[in-house]
Amino acid sequence: MEQVIELLSLSPPGWGGNLLRGLLHSLEIALGAFGFGLLIGLGGAIGKLYGGPILRDILAVYTTVVRAVPELVLILILYYVGTDLINKAAGAMGYGRVEISGVAAGIWVLGVVQGAYATEILRGAIKAIPIGQIEAARAFGMPPLKMLRRVTIPAMMSFAIPGLANLWLIATKDTALLAVVGFNELTLETRQAAASTRAYFTFFLAAGALYLMVTLVSGRVFARIEKWARKGQPGHRRAGA
Amino acid sequence: QEVKIGIAAEPYPPFASLDASGNWVGWEVEIINAVCAAAELNCVITPVAWDGIIPSLTGQQIDAIMASMSITEERMQTIDFSDKYYDTPTVIVADKSADIAPTPEGLAGKILGVQASTIHQTYAQQYFTDAAEIRVYQTQDEINQDLAAGRIDATQADSIAMDDFVNSDAGACCEIKGSVANDTSILGLGVGAGVRKGDDALREKLNAGIAAIRADGTYDKITEGYFSSSIYGG
Amino acid sequence: MITLRSLLVPHRIAMMAVFAALVLWCAYALRWDWIPKYAPLAAEGIWRTIWILAVTSVLGFLLAIPLGLAQAIGPWYLAAPARTFCTIIRGTPLLLQIWLLYYGLGSLFPQYPWIRESELWPYLRQAWPYAVLALTLSYAGYEGEVMRGAFAGVQRGQIEAAQAFGMPRFTMFRRIWLPQAIQNALPTLGGETILQLKATPLVATIAIVESYAVASRVRQDTFIVYEPLLLLAVVYMIIAGILAFGFRKLEQRVPVKGH
Amino acid sequence: MTEAIATDRTEPAAAPAEEAIRVEDLHKSFGHLEVLKGVNMSAKKGDVVAIIGGSGSGKSTMLRCINFLETPTSGRIVIGGEEIAMRADGSPASRKQIERVRSRLGMVFQAFNLWTHRTLIENVTEVPVHVLGVPKAEAHDRAMALLERVGLADKAATYPAFLSGGQQQRAAIARALAIDPSVMLFDEPTSALDPELVGEVLTVIRDLAAEGRTMLLVTHEMKFAREVSDHVIYLFEGRIEEQGPPEAVFGAPKSERLKQFLKSVA
Amino acid sequence: MTEAIATDRTEPAAAPAEEAIRVEDLHKSFGHLEVLKGVNMSAKKGDVVAIIGGSGSGKSTMLRCINFLETPTSGRIVIGGEEIAMRADGSPASRKQIERVRSRLGMVFQAFNLWTHRTLIENVTEVPVHVLGVPKAEAHDRAMALLERVGLADKAATYPAFLSGGQQQRAAIARALAIDPSVMLFDEPTSALDPELVGEVLTVIRDLAAEGRTMLLVTHEMKFAREVSDHVIYLFEGRIEEQGPPEAVFGAPKSERLKQFLKSVA
Ligand SMILES: Nc1ncnc2c1ncn2[C@@H]1O[C@H](COP(=O)(O)OP(=O)(O)OP(=O)(O)O)[C@@H](O)[C@H]1O
Ligand SMILES: Nc1ncnc2c1ncn2[C@@H]1O[C@H](COP(=O)(O)OP(=O)(O)OP(=O)(O)O)[C@@H](O)[C@H]1O
Ligand SMILES: [Mg+2]
Ligand SMILES: [Mg+2]
């Protein structure tokens, strides 16, 4: 036990500080990617529901391909091949090497992936809104953006929240991917600590506990949002009795 | 001119591991520093996650890899290697009471654990696949756990790693049953530094560095600090 | 339905041309000489990916229904454990769960000789029961949350109509509530199933070789970086494409007005 | 048909005809809002009772309390001689009992509440097949006959979202008739129908009453109420303000409020 | 009020009063089902046009085509002298135009379609504040006055799901009135209301007409149609079977079908 506490202490030679730093980095990336993904998702969902045939086909390809291809492939191609191509082009034009930030690339890739999932989640949520709600807004001449903000988003929120909450939790864990571009997030920190000290159990459980804390806190936040989103909906609790 | 030497960001003690303040230590790290000093290269050690280490090399983010990479024919089609800087025999480890030998007959009907993506996996699948059931793990530590727990009967691995294991509490159950027959086309020609294809200048310099520290005794001095016997191999 | 005519629209032809060009370029510019050697292994890996995915998603979904329902309307003594389960599953990395189940729970068994001698030991000794269990629980955890929202989202009047006609609780659930909840959740469920596909590689930590592990092996043996992964991506894309198509069909069974 | 008897009458009926439904001292509050303030009523087998009253007076709530879609705050509900056992919070005590009773009550909702994920014919066969255990083929034939009767045979395979308001309402009526109910609860069953169809529904209700079925009918169409009912209840702010046979209620209203209410009809 | 003129009349009106709405040769099909088979009509400013007809005859569809909630298959729609530009598929060509036009059309839906995530007062202020840019305080006061007028002031802070049918319908009327529309499209605005409230709505409509607003009014209550309208259109299976001033349509119907339709009212 003493040994465990020593291993997890916040300053070296304990690894606690490293884990916390990793967590912070993970959250940073996850927040960026999730936010970016939400924006893409909203656009994608609307495009899929209301767009023309060309846009719809393009979005279908986007959601199928991006969701299917392992993130590792995407980031390898985007970061390494991308950097390589840019440098070749830069070299040909007589410029020096450019460094692309691995973190920016990571956020970008994760965001694009999250966007594909968010597209489907939000599309489903919008579809679940009773059509009359949208028609009423249309009938009174609400411009699309306003309608989105005042009717569509609040009305679909309660359908979308569970899926989005899952997506957010996945984002916090998918940051592990950024290890490939040399970014020290929680998973890599954990693996380094575990392998260096051979105390696999201790560090994996510690990382699990950190993730769980994130989940509990974000669970609270999402529950708040859902409660707000469900205002005006009569509950079902009694209906089960 | 800076030379970036890539090592795996996932620690591999006692060759390369990390302390909590972020310093890399270990036999291989010291060797890298010694080789660079001898070759008069201005080296920077750059950890990269194993999955990205080859693309980093080809994408010019790093210039050489020194991460316990075995030299094999197949890999030489993709990158070039320096001369070897260590080489260890491959052994079979099993429960002390078990009747197991490092041959196909000696493993008949047993479950053999090997680490994924290593020469051991390739070797086992070449030579033992008809006799034994091969189970492939991600890390050697996991194999060791399952060996101790009795879920597998034996493992094939590096003698260095196994020495460590059978001398530890966790490995008290087991002993080394001997080395497997060598096949350099699979088990390779030892561990070398990887460089980009055609980067002969760097390769030559690294070769010179390795030769120099072997000759002047630096290599042996570093090794003494970690291992009880030489690991340069035959 | 996809008909030939619907494919022969200018923009679709253009998209197919781009795709064909991409395939051709990949075929010529990249290295594929390793394929014959690894083909049998790859086939085995793909098959394993597919069955793990199929078995764990189906079992996981069956588990997700009571989990979602308990959270949506259950009494506290059902809702609280269900919520705790979902939170823990969603809140910890799957890798850790697999690891704990196999190396934690699984390594306790051998300590008891009677287990070692029992009929079950040959199975408990295997890795796949743990893999199936871990992935099933994981899918159930995430989908339990999705189904909770979906159950709560069904319009009250729909349930009331069933109640008013004296539908027994279970019939109402099976005929009205569940179908409507699933209908609303389908797009999300489709995505989550593809996520499950991408979670399967984690079983490699407990010595199960599926398609991702095969690709990794090729990469390590040969140090070829992109080609094995690209091929893997194609395999995943085909599986995901089939999933997406299937879910689309399910979704379209009930026409929706307007949207 | 005989006239309905309100339970607050003191003289016992000589040889009481079979009682189909009785509501005693029904109270219902939503939070602080008391919607029903003690309603007493009863109806005999084959009675048609029309419930009229202003918007928000508690008509729908009363109907919904009778089959426990709303849990009464207090009171007693007796259906077909069987009192529905209530818990302290007003919810039905026995799930089996309430399910059995409900499956004999046909309800048409004010908002129709057709099941959106099923076609019309499926909506109509749903309860017969999956609750009452009628063989599929038989239920289907009966459902088609009912849809035919309400003029929707050609829409049998359509989903409710694609129907006009009146078509939805007629489908809801067909769904309620399909369970062959002994008591029917109609919440404004003609609100979306044109005069011709209102006439049709009138015929249907008369036929049903002649078969001995009991009906509780919330309606805003006084002419309809007058023609169809044996007994009229005028609800005002959660209380029965006046009741009696239609000739009396419409012809010679006693309450000032009812007079006021009926003024615009005349 | 002047009477409405149907465009199929041949004599040009001498000095045409300002035209509020004109529909020309409107067709609408859902898949293979042709619901509107060429409808022509027009109304002048201040006209009240009642649209009657059987359930499923296309009344709601016609109303919904006028503000392009349904895309017409073909035809022309002119509102306030401005023709709404259409694409080949019937959808409005200019988003700006259709939004501007719609924000002058007040619509009351047959199913009310109140926004469930907003309270009554929020439902009523939504469009004035967020589309028309009326200052919040002003919109709020006006909304309260309107809710007062329809008798819902005490329910201002309630969400629609907790209201009775008639209360929802009144709220929907208040929401439509709040945008101060020049043309109103009413789809059975009194279907859930008791006779007293129907009388109230009648008054409201008369007041609005007197202010010069135009109204298209789908209704099943012939008495109401007769009292309120300047012009009556009888729709049968997607065509205008007969039209004219209420006295003519109700008093001396020419078409056999209309006679049949009105028989049960008499
Ligand atoms: N979205 C739709 N898709 C297919 N058919 C539809 C759709 N909407 C309406 N219809 C059909 O079009 C016809 C006309 O419908 P509409 O709603 O206009 O009738 P209505 O005259 O308003 O009837 P009611 O008085 O019952 O409301 C009906 O037969 C209906 O089933
Ligand atoms: N779930 C609820 N929560 C709170 N108040 C409610 C609820 N349901 C109904 N009410 C209120 O109870 C009163 C009676 O409603 P009810 O639906 O019984 O009226 P009604 O007589 O059917 O009126 P209408 O003719 O308009 O349908 C109304 O004031 C309504 O706002
Ligand atoms: Mg009501
Ligand atoms: Mg209609």
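**Entry 1: burial and the magnesium site**

I count a residue as buried when its relative accessible area is under 20%. I am working on a predicted model.

With that cut-off I looked up D:S60 and D:Q110. I found D:S60 buried, and D:Q110 as well. Next I asked which ion these two residues coordinate. They hold the magnesium ion, ligand 3. D:S60 gives its OG atom and D:Q110 its OE1 atom, at 1.9 to 2.2 Å. I then placed both residues in chain D. D:S60 sits in helix 1 (residues 59–66), while D:Q110 is in the loop between strand 6 (105–108) and helix 3 (120–130). The pair therefore ties together parts that are 50 residues apart in sequence.

**Entry 2: ligand 1**

I turned to ligand 1 and listed what surrounds it. The shell has 22 residues. D:S164, D:G166, D:Q167, E:S60 and E:T61 are the closest. By class, I noted five nonpolar, 13 polar and four charged residues in this shell. Which chains supply them? Chains C, D and E do, so the site is shared between chains.

I checked polar side-chain atoms against the oxygen atoms of ligand 1. For D:K155, a side-chain N or O atom is 2.9 Å from one of the ligand's oxygen atoms. For D:Q167, I read 2.7 Å from a polar side-chain atom to an oxygen of the ligand. For E:H220, the corresponding value is 3.2 Å. I also looked up the area. Ligand 1 taken alone exposes 630 Å², and the protein buries 90% of that. Elements giving two or more residues to the shell are helix 5 (165–178) of chain D, plus strand 2 (33–44) and helix 1 (59–66) of chain E.

**Entry 3: cysteines**

How many disulfides does the structure hold over all chains? I found two.

I took B:C36 and B:C43 to start. Their sulfur atoms are 2.0 Å apart in a disulfide. The angle about the S-S bond is -85°, and the link is left-handed. B:C36 is buried, at 3% relative accessible area.

Then I went to B:C173 and B:C174, also joined by a disulfide, with 2.3 Å from S to S. The torsion about this bond is about -75°, so I logged this disulfide as left-handed. Is B:C174 buried or exposed? B:C174 counts as buried, at 2% relative accessibility. B:C173 is partly exposed, at 23%. Numbering the bonded cysteines of chain B in sequence order, I wrote the pairing as 1-2, 3-4.

D:C65 is buried, with a relative accessible area of 0%. E:C65 is buried too, at 0%.

Conventions: Residues are numbered from 1 along each chain as its sequence is written. Chains are lettered from A and ligands numbered from 1 in the order in which they are written. This is a predicted model: local features need pLDDT of at least 70, side-chain atom pairs count only at pLDDT 80 or more; totals for chains, interfaces and linings use all residues. Side-chain values use heavy atoms; hydrogens and water are left out. A disulfide is a pair of cysteine sulfur atoms within 2.5 Å. Buried means under 20% relative accessible area, exposed over 50%, partly exposed in between (1.4 Å probe, protein chains only). Donors are N, O and S atoms within 2.8 Å of the metal (3.2 Å for Na, K and Ca); water is not among the atoms, so sites may look incomplete. Helices (H or I, at least four residues) and strands (E, at least two) are DSSP runs, numbered from the N terminus. A residue is near a molecule or strand if one of its heavy atoms lies within 4 Å of it. A polar contact is a pair of N or O atoms within 3.5 Å; within protein, one must be able to donate a hydrogen and the other to accept it, and residues adjacent in sequence count only if both atoms are side-chain atoms. Accessible areas come from the Shrake-Rupley method with a 1.4 Å probe; for residues, only the protein chains shown count as cover. Ala, Val, Leu, Ile, Met, Phe, Trp, Tyr, Cys and Pro count as nonpolar, Asp, Glu, Lys and Arg as charged, and the others, Gly among them, as polar.
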